[in-house]
Structures are given as structure tokens and as C-alpha cells.
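Q: Please take a close look at one part of this model for me. Keep it brisk, and walk me through the geometry and the surroundings.
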Amino acid sequence: QVQLVESGGGSVQAGGSLRLSCAASVYTIRSYCMDWFRQAPGKERERVASIDPNGRTTYADSVKGRFTVSKDNAKNTLYLQMNSLKPEDTAMYYCAGSFGYCKRPPDYWGQGTQVAVSS
């Protein structure tokens, strides 16, 4: 079984930072593409960032330069460091993963963690 559990969400002021974590119940996430998605009420779900099995990262244009995705393979944990947060970043953030390569949609999803950014 593959389970993903997000943590680290909360409420912050614009310009602040949050670090999201995603704990994966797998033997190792080394072989997985891991993603962060977000969805705000009334808006489409969007992929925020991904890191593939080779370590290559991709970001949505809206977060480039502000967000950093990383992982600790030994801890089976994915991270999303979010800096210079904007009210537009307010959303439910979801961790996702796919075995072997990045898939659309991903194979596995977490339950989400809420991020609220106030102005």
C-alpha cells in the first residue's frame, strides 16, 4: 500500500514562509515521481512542483523563484519550501506520487493540507 500524508500547512501573512512535508509509506520514494498540487475553491487543480526519479524538478510559472521542491529518500519524505507567499497561494495543497515516472494523473494522492495566506 502507498499512503501519503501531508503536514505543515497553516495560516501566514503575505511575504511569509511555510514548509510542507509529505510522508510516504513506501519502501523508498527514490523510484517515484513526486508532485505537489494545489486547488483553491472554484479554481482548477494545478501542479505546483514535481521532482522525478532523476531529481529533475519542475515548477509552475506562478511559483518559480519562490517555491522549492525537495525530497529525502532515506526518510521517504517530500518537501515544499514556500517563500514570499502571496494571497493567491491560498489553497489546499496535495502531495502525489507515481511509480517510475511522472504520470498525469499521478498514481497516489494524499489528503491535503490547507495553506491560507492573508494580506
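Numbering the bonded cysteines of the protein chain in sequence order, what is the pairing?

A: The pairing is 1-3, 2-4. This is a predicted model, where local features need pLDDT of at least 70, side-chain atom pairs count only at pLDDT 80 or more, and totals for chains, interfaces and linings use all residues. Residues are numbered from 1 along each chain as its sequence is written, and side-chain values use heavy atoms, with hydrogens and water left out.

The structure has two disulfides, a disulfide being a pair of cysteine sulfur atoms within 2.5 Å.

Take Cys22 and Cys95. Their sulfur atoms sit 2.0 Å apart. The S-S torsion is about -70°, so this disulfide is left-handed. Cys22 belongs to strand 3 (residues 18-24) and Cys95 to strand 9 (residues 91-99), so the link ties together parts 73 residues apart in sequence. Strands here are DSSP runs of E, at least two residues, numbered from the N terminus. Cys22 is buried, at 0% relative accessible area. Cys95 is buried too, at 0%. Buried means under 20% relative accessible area, exposed over 50%, and partly exposed in between, with a 1.4 Å probe and protein chains only.

Now Cys33 and Cys102. Here the sulfur atoms are 2.0 Å apart. The torsion about the S-S bond is 90°, and the link is right-handed. Cys33 lies in strand 4 (residues 32-39), while Cys102 is in the loop between strand 9 and strand 10 (108-109), so the pair joins parts 69 residues apart in sequence. Cys33 is buried, with 0% relative accessible area. Cys102 is partly exposed, at 29%.

How values were computed. Helices (H or I, at least four residues) and strands (E, at least two) are DSSP runs, numbered from the N terminus.
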